[in-house]
Amino acid sequence: QVQLVESGGGLVQTGGSLRLSCAASGRTFSPYDMGWFRQAPGKEREFVAVISWSAGSTYYAHSVKGRFTISRDNAKNTVYLRMNSLKPEDTGVYYCAADPRVVAGTADYWGQGTQVTVSS
């Protein structure tokens, strides 16, 4: 089992920035690819970003590419999502995921989510 706990969400104005963190515990963290997904009110959960276990490769949803940066520190068992130039459409609950399947939108493990609200 891997337990994931997100933090760093909050209320920010359009154009602002936030950094989300996801701390992992339980089974060893480093062999897993890690990802971030989000769910806006009334919408399905969608993929945001993924990073390989070695941090050698990353992939982003088109809607966030160039504004968001995913990174990880395997020594700290933590994955981050730096979000810049935030827009109201970025509002939602952000979930951390271990071993995500981007196309299917599934993962072996999920965090409980952290709320991000971008005001216009």
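What follows is a short talk about the terms used for this chain.

Mentor: Keep in mind that this is a predicted model.

Trainee: How do you know which secondary structure the protein chain has?
Mentor: Strands are DSSP runs of at least two residues, and helices need at least four. By that assignment the protein chain has 11 strands and zero helices, so its pattern is β-β-β-β-β-β-β-β-β-β-β.

Trainee: What makes the radius of gyration of the protein chain agree with a compact globule?
Mentor: For 120 residues the globule rule gives a value near 14 Å, and the protein chain has 13 Å, which agrees. Along its principal axes, the C-alpha trace spans about 40 × 25 × 25 Å.

Trainee: What share of the residues counts as buried?
Mentor: The cut-off is under 20% relative accessible area, and 43% of the 120 residues count as buried. The chain exposes about 6,200 Å², with carbon and sulfur atoms supplying 49% of it.

Trainee: Why is the largest set of 33 residues called a nonpolar core?
Mentor: Because its members are buried residues of the nonpolar kinds, joined through side-chain atoms within 4.5 Å. Leu4, Met34, Trp36, Leu81, Met83 and Tyr94 have the most contacts inside this core. Strand E5 (residues 46-51) gives the largest share, five residues.

Trainee: And which residues does Leu4 touch, beyond those up to four places away in sequence?
Mentor: Contact means heavy atoms within 4.5 Å; among the residues Leu4 touches are Cys22, Met34, Cys96 and Trp110.

Key
Residues are numbered from 1 along each chain as its sequence is written. This is a predicted model: local features need pLDDT of at least 70, side-chain atom pairs count only at pLDDT 80 or more; totals for chains, interfaces and linings use all residues. Side-chain values use heavy atoms; hydrogens and water are left out. The radius of gyration is taken over C-alpha atoms; the globule rule is 2.2 Å times the number of residues to the power 0.38. Buried means under 20% relative accessible area, exposed over 50%, partly exposed in between (1.4 Å probe, protein chains only). Accessible areas come from the Shrake-Rupley method with a 1.4 Å probe; for residues, only the protein chains shown count as cover.
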